[in-house]
Amino acid sequence: MATETLTIGKALNTGLRRALENDPKVIIMGEDVGKLGGVFRITDGLQKDFGDQRVIDTPLAESGIIGTAVGLAIRGYRPVCEIQFDGFVYPAYDQIVSQVAKMHYRSGGKLNIPMVIRIPFGGGIGAVEHHSESPEAYFAHTAGLKVVTCANPQDAYVMIQQAIASDDPIVFLEPKRRYWEKGQVDLDASLSDAYPLHSARVVRPGTDATVLAYGPMVRTCLDAATAAAEDGRELEVIDLRSLSPLDLRAAYESVKRTGRAVVVHEAPSNIGLGAELAARITEECFYSLESPVLRVTGFDTPYPAARVEEEYLPDLDRVLDAVDRTFGW
């Protein structure tokens, strides 16, 4: 088994390389993805090795990138579009919602749109406005789209390949503040034998409360669980991995054992993923709950200036405070 220690960013790069090697119909396109290798260097070296017909530097026009990719997907290609930053996706939102999400349904199932839209998302990097947003609820709410996010290098490596191999359009959210975190990656992992793309995973077992998170907040919740253990409280942490469709089997099983649930995400609380998760858990686990399902989220404001972003982002203390509150009912 070929196992290496890679960052999430390098794992994504390696996964993209494997996809390009395995299928000549895979095309990567986006702003500065070629010669520069992307602003986060996720596509570094790919244009040099695969040429500028397969790793394409596009104009600075997100709607044009996605619109072109729709045509390519209809013609049998598998375009992988990079949106440089989360806040830049909105010019392409019309294309994504009106075309990408609806083409299969509109054609009565005759047309597939096998494309991946990669979006670095979330805060924590000290960036200016439009560079630190969490737009996942927009896409998870849109019928016809699938939405996934990775939280560790192994998932980054496998999930990007699984997304590219899918015949469905997938929004692939990458936790930009975690790009440089390292972990073990099995480079021989087979897609057919890998953990299913749209399945949640228990990343830390526990008995006292269930904490659900995804993307950049998984690490925050694992750190909170480590801190809680020092006080004798065992938190079970679940990485959702897929936001649409949601896989809540592990969450239901966990909450029925622990009786408590806390949902954590960076996006604002108002009509966010946490609200949907709280509603479903309450419906399914009502008689097991010892307290309401609580949410730890960003605030209902535009993302703040970098100097105060740590006041906005959920952190270890806010997660632990919510867990403590679940024991106060």
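Student: What is the relative accessible area of Tyr90?
Tutor: The model is predicted: local features need pLDDT of at least 70 and side-chain atom pairs count only at pLDDT 80 or more, while totals for chains, interfaces and linings use all residues. Residues are numbered from 1 along each chain as its sequence is written, and side-chain values use heavy atoms, leaving out hydrogens and water. Buried is under 20% relative accessible area, exposed is over 50%, and partly exposed lies in between (1.4 Å probe, protein chains only). Tyr90 falls in the partly exposed class, at 31%.

Student: Why is the pair of Tyr303 and Tyr312 edge-to-face, and at what angle are the planes?
Tutor: Tyr312 is buried, with 5% relative accessibility. Its ring centre lies 5.0 Å from that of Tyr303, and the pair is edge-to-face because the planes are at 65°.

Student: Which residue has its charged end over the ring of Tyr77?
Tutor: A charge sits over a ring if NZ of Lys or CZ of Arg is within 6 Å of the ring centre and within 35 degrees of the ring normal. Arg260 is placed in this way over the face of Phe327, 3.9 Å from the ring centre. For Tyr77, at 4.4 Å from the centre, the residue is Lys25.

Student: How many disulfides are found?
Tutor: A disulfide is a pair of cysteine sulfur atoms within 2.5 Å. The buried Cys81 (0%) has its closest cysteine sulfur in Cys150, 17 Å away and thus too far for a bond. Cys221, buried at 1%, also has its closest cysteine sulfur in Cys150, at 16 Å, again too far. The number for the whole structure is zero.

Student: What are the edge strands of the open sheet of five strands?
Tutor: Two strands pair if DSSP finds at least two bridges between them. The strand order is S9-S11-S10-S13-S14, with mixed pairing. Those that pair on one side only are strand S9 (201–204) and strand S14 (294–298).

Student: At about what angle does helix H8 run to S11?
Tutor: Axes are lines fitted to C-alpha atoms, for helices over the stretch in contact (heavy atoms within 4.5 Å), and angles run from 0 to 180 degrees between N-to-C directions. Helix H8 (residues 217–229) lies across S9, strand S10 (209–213), S11 and strand S13 (261–268). Its angle to S11 is about 170°.

Methods
Rings of Phe, Tyr and Trp (its six-membered ring) pair if their centres lie within 6.5 Å; planes under 30 degrees apart count as stacked, over 60 as edge-to-face and the rest as tilted. Helices (H or I, at least four residues) and strands (E, at least two) are DSSP runs, numbered from the N terminus.
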